[in-house]
Amino acid sequence: MPDPRYQLIADEIRGRIESGALAPGERVPSTRQIARDWQVAMATATKVLTTLRQQDLVEARPGIGTVVRALHAKKPRKADPTAPHSARTRSSPPPSRWPTPRASPPCPCAASRPRWMSGR
């Protein structure tokens with residue numbers, strides 16, 4: 001059984017990356033361009049880029065598009081759950097950007113509400 005169409009397209013783009021025709025940081029074809037050039041559906045073109053992303057060959061960059069990953073770049077490692085707490089996190093959490101919520105005074109009309117409306 002032949003390879004699915006998305007796999008053939010992904011293999012071709014992978015070949016360009018491995019040969020150096022597409023250098024690290026360089027944009028790879030967009031989903032629309034893949035769909036147009038290879039005459040496939042958008043879903044197939046999306047699957048091509050997803051496949052390349054799963055193989056750590058490309059990465060999505062907001063505002064730029066999908067680009068070739070640098071070969072020496074590594075994904076950030078997840079914290080080791082068996083490591084001591086101090087090795088996994090900072091000693092103190094970063095300060096919050098949002099103000100601490102204040103308790104609001106009780107509504108004066110709450111006493112005049114029927115008991116079934118008070119939530120008790």
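Tutor: We start with a helix and then turn to the core. This is a predicted model, in which local features need pLDDT of at least 70, side-chain atom pairs count only at pLDDT 80 or more, and totals for chains, interfaces and linings use all residues. Residues are numbered from 1 along each chain as its sequence is written, and side-chain values use heavy atoms, with hydrogens and water left out.

Student: Which residues of α1 are buried?

Tutor: Buried means under 20% relative accessible area with a 1.4 Å probe, protein chains only. In α1 these are Q7, I9, A10, I13, R14 and I17. Seen down the axis of α1, they fall within an arc of 160° (taken from the directions from the helix axis to the C-beta atoms), so they line one face of the helix.

Student: Which residues have the most contacts inside the largest nonpolar core?

Tutor: In soluble globular proteins, nonpolar side chains tend to be buried together. A nonpolar core is a set of buried Ala, Val, Leu, Ile, Met, Phe, Trp, Tyr and Cys residues joined through side-chain atoms within 4.5 Å. The largest one here has 17 residues, and I9, I13, I17, I34, V48 and L52 have the most contacts inside it. The elements giving two or more residues to this core are α1, α2 and α3.

Methods. Buried < 20%, exposed > 50% of the residue type's maximum accessible area, 1.4 Å probe, protein only. Helix = DSSP H or I, 4+ residues; strand = E, 2+ residues; numbered from the N terminus.
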